[in-house]
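Me: Could you take a close look at the interface between the two chains and walk me through it?

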Amino acid sequence: MTDATAPETPRRDGLLSAPLERNFLLQALGLLAWCLAWMAVQTLLDRKGATPQHQVTVFMAAGLAFLGGLFLAARRRAFDLFTSVPFAISQVVLLAMSVLLGTLVLQELKWSEYKSLYGTQWWGGLPLFLVRHAHADDVYHSLWFYGLMLLISLSTLLVAWKRRPYPLPRLGFLLVHIAPTLILAGGLVGKYGFVRAFNEIHQGEPTDLFWRVKGPNPNDWKDAYGLPGFRLRLDKFQIQTYEPEYKLYAYTEPDGKGGFERNPKSYEVKEGMEERLPLTWLRMKMDKVIPDAVDAGGFQEEPKGDLNPALKLQLDLGNGQPVVGYLLAESPAAYRFDEPGGRFAMMVKERFDASLAAQLRPHGPSAQKLAMTFMGKTLEHDAKPGTTWSFPAFELKVVKLHPDFPFKQGPDGPVVLDRIPPQLRGPWLEVQLHRLSDGVDAPLFLCARTPAFSDQANAPILPPGMGMTLHYLREGEESQRRFLVYSLDDTQARLVEDGRVVRAESWAPGKLFTVDKGLSVTVMESLPHAAWNPAFIANPDTQSKAPDPDHANPALQVTVSDPDTGKAETQWLAAKNPDGSAAQGTTFFDGRVGLSYHEKDAEPKDFRSVLVVEDKEGHELARKEVSVNDPLIFRGHWFYQSNYDPKDPTVSGIMVVVEPGLWLTYLGFACLIFGALWMFYLKPWLKKRAEGKVA
Amino acid sequence: MHELYAHFVKGEWPFKLTLIAYALAFLAYLASLWAPRLKDGKDRVYAAARWLFLAAWALNAYTLIGRGIEAGRPPFKTFYESLIYFGFIFGGIMVAVEWLKKVRLLGFIATLLILGALGYALHKQDIEIIQLPPALNSGWFLPHVTIYFCGYSCVTVAFVLGILAWVKPGDRSFDPGSFWARAIGTSEVNFEVLTRNWVRVGFLFLAAGLITGGTWAKFAWSDYWSWDPKENWGLITWLMYLVVLHLFYVPSIPRKVAIRVSVFTWGFIAFTYFGMGYLPTKSQSMHIYTETPPADQGDVKGLNKEMY
């Protein structure tokens with residue numbers, strides 16, 4: 001077997017005696033010195049406050065000047081070195097190790113973050129040293145890394161020059177050796193004129209302004225980029241989701257610590273399905289599946305259960321339609337019920353004391369805040385009159401807190417407060433917006449009770465294209481003045497008005513407490529160990545309609561049985577909790593098996609925006625439905641689907657990118673692939689064909 | 001061992017059958033390396049090994065295609081799926097080589113490596129099919145991953161040949177009745193040249209993988225290169241194979257050095273595939289495969305933490 005690349009007579013060189021072009025040790029030392037020099041240059045430029053773009057300019061000028069000088073001083077030796085294969089190997093190995101360094105040291109963190117990350121490790125001194133002195137915090141944008149790439153570019157170009165002329169079979173060699181320079185040149189051109197900027201575009205509000213986002217704080221959103229001679233409009237935004245899929249997960253390996261294995265077996269849910277559970281002899285049967293269920297169960301006394309005191313109460317409103325429900329003394333979410341007419345609230349508490357009574361009176365908020373949302377971020381500040389906040393394009397100032405509807409004059413004359421709808425009554429906040437672009441001041445009024453109303457009223461005044469909303473928040477406020485409090489320790493029912501007990505009676509099952517004329521509450525049952533006993537039925541509201549997979553709450557009844565003992569346990573599993581969150585699992589046979597029924601994790605399938613490019617007069621120039629993998633490209637501008645606002649479906653986050661050197665990079669990629677194919681496979685074939693012709 | 005058994009019990013049947021078939025093929029190849037020919041001159045053990053390898057690969061393909069149809073997307077979103085895909089691509093290449101060239105030693109090593117990959121897949125098994133996030137929902141997904149896995153497979157072949165070249169360097173002429181002649185199906189061979197040829201193919205695929213990845217990234221993330229740790233390791237492996245190719249051309253460097261470096265360089269590929277989760281910078285990568293949550297985060301929808 002012959003080999004076209006068999007070496008000529010191998011020459012063995014000593015470690016130090018070999019000439020530079022074949023001496024790996026000297027080459028490594030030289031490359032190290034080259035990198036150290038660039039580290040020093042970058043440190044100097046950093047101290048002088050040079051921007052990254054200026055640093056690249058200095059780097060290119062100084063690097064080319066130095067290499068030019070080197071070739072003038074020792075042309076032959078420099079040429080031999082730069083065109084030697086060992087030097088190519090040294091450079092590529094060092095480049096690979098440099099790339100590797102950047103995958104070991106976390107990139108682009110702050111010095112304080114590096115210190116907390118590495119400072120406590122015994123080996124942490126090395127990465128901290130490299131970050132401090134070798135720019136290892138941003139390896140791939142450091143001048144020494146650029147320096148290595150400059151050398152590789154120069155070497156490959158000189159090799160291409162050395163090996164000329166290029167008859168057809170050798171074209172591949174030329175292509176692969178000019179490819180690195182083309183790729184790097186594309187990156188270099190990209191350093192000048194590269195733009196990446198963002199904006200959250202509102203449907204129907206064209207914009208030509210994007211921001212080069214620097215940080216997470218809206219105060220950092222400076223440095224605007226204007227589209228040259230055209231603007232962008234959002235016609236439609238849409239989130240595509242996968243159909244919800246509910247599955248049953250079986251856990252059969254208890255870990256002895258109250259948990260189970262991390263990889264349960266998952267099952268498609270099908271009524272009547274029966275299977276042996278993995279790694280056990282227990283059998284599971286899916287008795288009943290309800291695609292959209294409601295829990296018609298109730299609390300039951302479970303004497304062996306945990307202490308969970310509850311009262312079953314009947315509220316009689318005098319309209320012949322009593323309301324029955326449970327109040328749980330120890331549940332923060334279920335110890336209070338406000339009568340629908342707002343006349344009083346009832347409560348069940350473990351005990352009643354003076355401090356509780358003092359809280360049961362109307363009082364103002366513990367905190368009042370102005371919540372400012374723009375570009376998907378929310379800032380909350382205390383709403384103190386006179387406070388001002390400055391932003392790149394505008395200023396906001398809190399003017400006044402209004403205890404009630406703030407407008408004195410309406411379109412039909414003076415405002416009569418009693419005629420104002422209750423949702424617009426209550427406190428309002430007055431804010432002044434000062435636009436820096438035209439110096440105009442505009443008043444904004446924010447309604448605490450119905451924020452959506454003031455959102456709509458203020459929308460035309462707020463700066464466009466930022467997705468901006470302002471809300472007035474009041475926390476810890478109490479508006480109720482009358483309470484009926486059932487205490488369990490002394491079985492007393494107390495009526496409290498404005499923080500004072502006005503009447504107290506003992507309570508017992510069946511006993512009625514009259515709050516007011518035609519308004520009474522009866523204790524139906526006391527349950528010291530209340531436990532919820534579910535009983536799922538098909539949702540009567542949706543039974544006759546087509547199921548809505550996004551809002552349905554499926555429930556599943558499962559029986560787990562042990563064929564050895566003949567014992568069986570049946571339980572209901574709902575996919576969702578009453579608040580819509582995924583339900584917890586439950587156990588069978590004293591924790592031997594766990595079953596959980598819930599929606600499979602699903603990410604959105606796609607985000608799609610219909611974008612229109614138009615000129616300043618509104619004439620359409622281009623239109624496309626962009627999605628995550630499919631940007632709109634117009635006059636060198638690539639518009640990407642970037643983010644979205646889960647609260648506002650009329651807003652779409654769009655990123656614009658301008659990258660001038662892209663075509664050069666792709667030309668380099670093409671040269672690399674075609675050149676290598678040519679070298680490895682086409683060249684031998686061409687050679688063979690030529691030899692055949694000669695023969 | 002119990003954990004592996006538990007994983008096996010919970011596994012999907014097509015995957016389990018694939019695993020069993022590869023195990024049988026491996027045992028048959030192992031036996032075929034030493035089993036004597038029958039009196040009629042036929043090598044039935046080897047014939048059985050080849051058919052078993054082909055059957056295992058067909059089952060591998062069935063598992064993969066079935067998974068793709070069920071998921072409605074290319075079946076290599078998760079680590080588990082990608083390992084099955086590696087078995088399919090690498091197995092496909094090796095089945096082709098085996099049937100064309102009759103190299104039972106390669107069949108033996110290939111089934112061993114695929115068994116290792118699928119055994120690891122058993123450990124990394126998915127609980128269920130995971131849907132694609134928007135960024136992966138692209139026409140570039142299939143070609144990019146396929147090209148890369150072809151690259152991984154070719155350099156894995158080069159790695160195996162490199163080890164053989166290390167053991168048996170230079171032009172070799174084996175006695176036709178010897179173990180080696182039988183194992184490689186020929187008496188004349190130069191493993192060094194074969195290693196270099198497979199490195200070339202692998203290198204081309206790796207380059208194409210980098211470029212298709214870059215093109216996809218330009219459309220999905222706006223940058224053809226974002227210095228993501230996985231991208232960087234893709235570049236490191238490519239650069240190291242570039243070094244290997246150049247080493248074959250330096251007269252002053254013995255060929256055995258190039259061979260040894262090529263064998264070690266395969267370690268970079270293995271790390272790029274298996275080791276990304278161990279990188280300190282893994283949190284800065286958008287390329288890490290989806291996996292079953294590790295034990296310390298073993299909370300599947302609250303059942304573990306909240307179990308009453």
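Reply: Happy to! In this predicted model, 84 residues of chain B are in contact with 92 residues of chain A, contact meaning heavy atoms within 4.5 Å. The area buried between chain B and chain A is about 7300 Å²; buried area is the accessible area (1.4 Å probe) that two parts lose on being put together, summed over both. Carbon and sulfur atoms give 62% of that area.

Turning to specific pairs, the rule finds five salt bridges across the interface, each a side-chain nitrogen of Lys or Arg within 4 Å of a carboxyl oxygen of Asp or Glu. Arg196(A) forms a salt bridge with Asp223(B), with the closest N and O atoms 2.5 Å apart.

The most comes from α8(B), with 16 residues. Here helices (H or I, at least four residues) and strands (E, at least two) are DSSP runs, numbered from the N terminus. By type, this side of chain B divides into 51 nonpolar, 21 polar and twelve charged residues, with Ala, Val, Leu, Ile, Met, Phe, Trp, Tyr, Cys and Pro as nonpolar, Asp, Glu, Lys and Arg as charged, and the others, Gly among them, as polar.

A note on conventions: residues are numbered from 1 along each chain as its sequence is written, and chains are lettered from A and ligands numbered from 1 in the order in which they are written. Local features need pLDDT of at least 70, side-chain atom pairs count only at pLDDT 80 or more, totals for chains, interfaces and linings use all residues, and side-chain values use heavy atoms, leaving out hydrogens and water.
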